[in-house]
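Student: Could we go through this structure together, one packing arrangement at a time?

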Amino acid sequence: MTGLKASPVADPARLRVFTRAVLRDLRALEQMIADGLIESGVRRIGAEQELALVDKTWRPAPRAVEILADLDDDRFTHELGLFNLEFNLPPILFGGDCLSLLETGLREAETRVREVAARHGTDVVLTGILPTLRQTDLDLDNMSPLPRYRALNDALMASRGSEFELRLRGTDEINVKHDSVMLESCNTSVQFHFQVAPAEFARLYNIAQLVAAPILSVACNSPFIFGKRLWRETRIAVFEQSIDTRRPAHHIEDRTARVSFGNDWVRESVLEVYQDDITRFRAYMGLDVDEDPFVELAEGRIPRLRALSLHNGTVYRWNRPCYGISGGKPHLRIENRILPAGPTLVDEIANAAFWYGLMSALAAGADDVRQLIEFDAARANFIAAARQGLDAHLTWTDGRRHAAADLIADQLLPLAESGLRASGVDIADIRRYLGIIRDRVATRQTGAEWMMKSYAAMGNAGTSFERLRALVGAMSRRRKKERPVHDWPPARLSEAGRLEHNYDRIGQYMTTDLFTVHENEVIDLVASVMAWRNIRHVPVEDDDHRLVGLVSSRSILRFIAQELPCGKARAVPVSHIMQTDPVTVTPETSTLEAIERMRENGISCLPVVKNDRLVGIVSEHDFVTITAHLLEGRGERKA
């Protein structure tokens, strides 16, 4: 029997044993390549699809356990978050109607998920980051129950030694910390695979790195996270920062993040990539490995190289090498992890066609891309594409900088078409899928641009969260018409659904743009903040950002009334007048319960707390506004 078993305890001795198994697998792979055992002369493609689960309010729905149990199908599996699922397609020979078959396979599996999810009051959305995700959704309670995820979280947190941070600037700016690996669960992607021979791996892997930027620029679909408008493909930065195990004190050192584009071109072999990753990244968890690959080879069996594959699965290159076995034959493939999910399946296949076409055309040429462009330029292109999408300017192999849209339209689409034609792909499929890319470039409407334009067009109508809900509701409705995203009209606020659904829970409308003070701050500062921001309550935090009190305008007035007769002002700290142990709610608290709590306690404000941290605030004014909004909405419906 071969395989490996994960241990929840990552003790040093077990890690050493596992590391030896990884090294042994790598030596076995080297021997297999030298002996010509790795399959050559065959090109296959494949896909892995991730999905976001949403409820009737278009918020994340942590229902994966129930849905997977109902599906009872090995093709479907857990992702990190309970509000995501993944399914895998079997490999397909590249050529002929492979692109149509790929779409058919994805559509059949997606339809199956939707049918089952509907029985659980859940829908499915294809997007790189679900716009309605809140940081409060990233609780460990929403982590998939598989032991490996808890073990991974514990190992990553121990490696980093502190909370994970997300710092990013776009139209808006975000600077948050999170105490688990669940930040990574924000990301939803579709991964395409391209089988390659050992002798051509280095060359084709470098090509995949070169074309990563233009492929990403035309496929962006993740402009929002936690309600903030950031990069056109914010998912790239979120993934890189969400599992960055480098300790903050070490960032000045020249260390590579576990999610990365890489550090240099590959010179000769896939072995270089594995060697580099083993050198830079230690094993996370102790694993019991009971396969000896050299024994397997000696007895005429193909080793699974499970230890090497598992370590490779914890190093997240945007283009990742993979070893696998198909039809009893071992093979190598390049896994494209760059692309976001959605907005529709046909958009995804169009992205795949563009990638496969470019890979094929450039592979057939005689040029070595290492001689045409510096690696640093290719890496800079990738970041520019993530930030700006089709508006990015990319350095290309001619030494010039091109607008991404012009480069794609003028040079890369014809190149991709020639590559698909030479590979024997059906002409009708080539025209259909590359035509979608051509129209997307012509209209400049990627999924990200559609979201940004739709959000802007709604102006100040409704709340910010209602506008985000409208985006998700519109995504769900538009995918049913099977129209690619370049042909989508803007989302409308009415697509958020029933107004009442916007206000079921406190977390849907609480104020998250908070103004807080430290308990040692002078009272004068609180009074000034209240006057400047026209607010009546200011939360008070300690050094660890835990809520320790609440200051109201009434408490300040009482203090002033007491001080005035004394005839002199004092520099008094906030702790002197703040209300300690204030009444609080959580984001999951129902609106009716919150109103009742305010009434019972005779208060006009409720701090919103999760895991001892302040995450928002609601006040009487919010409930008055909600009531007016609901009445107005009902009046419009009657009219």
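Student: How are helix 10 and helix 13 oriented to each other?

Tutor: In this predicted model, in which local features need pLDDT of at least 70, side-chain atom pairs count only at pLDDT 80 or more, and totals for chains, interfaces and linings use all residues, the axes of helix 10 (residues 345-364) and helix 13 (residues 427-443) come within 8 Å and cross at roughly 100 degrees. Residues are numbered from 1 along each chain as its sequence is written, and side-chain values use heavy atoms, with hydrogens and water left out. Helices are DSSP runs of H or I with at least four residues, strands are runs of E with at least two, and both are numbered from the N terminus; axes are lines fitted to C-alpha atoms, for helices over the stretch in contact, with angles from 0 to 180 degrees between N-to-C directions. Because angles of 65 to 115 degrees count as such, the two helices are roughly perpendicular.

Student: Which residues of helix 13 does helix 10 meet?

Tutor: Contact is taken as heavy atoms within 4.5 Å. From helix 10, V346, D347, I349, A350, N351, A353 and F354 take part, and their counterparts in helix 13 are R432, Y433, L434, I436, I437 and R440.

Student: Where do the buried residues of helix 16 lie, seen down its axis?

Tutor: Buried means under 20% relative accessible area, exposed over 50%, and partly exposed in between, with a 1.4 Å probe and protein chains only. In helix 16 (residues 523-533), the buried residues are I523, V526, V529 and M530. They fall within an arc of 120 degrees, taken from the directions from the helix axis to the C-beta atoms, so they line one face of the helix.

Student: Which exposed residues are on the face of helix 16 turned away from its buried side?

Tutor: Just after helix 16, N534 takes a positive phi of about 55 degrees. Within the helix, the face turned away from the buried side carries the exposed residues A531 and W532.

Student: Which residue of strand 24 stands opposite L606?

Tutor: Two strands pair if DSSP finds at least two bridges between them, and strand 23 (residues 605-610) pairs with strand 24 in the antiparallel sense over six bridges. These strands form a hairpin with two residues between them, and N611 in the turn has a positive phi of about 55 degrees. Opposite L606 stands V618.

Student: Why is strand 24 described as largely enclosed by the rest of the structure?

Tutor: Strand 24 spans residues 613-619. It is largely enclosed because, of its seven residues, the number buried is five.

Technical notes:
Parallel < 35°, antiparallel > 145°, perpendicular 65-115°, else oblique.
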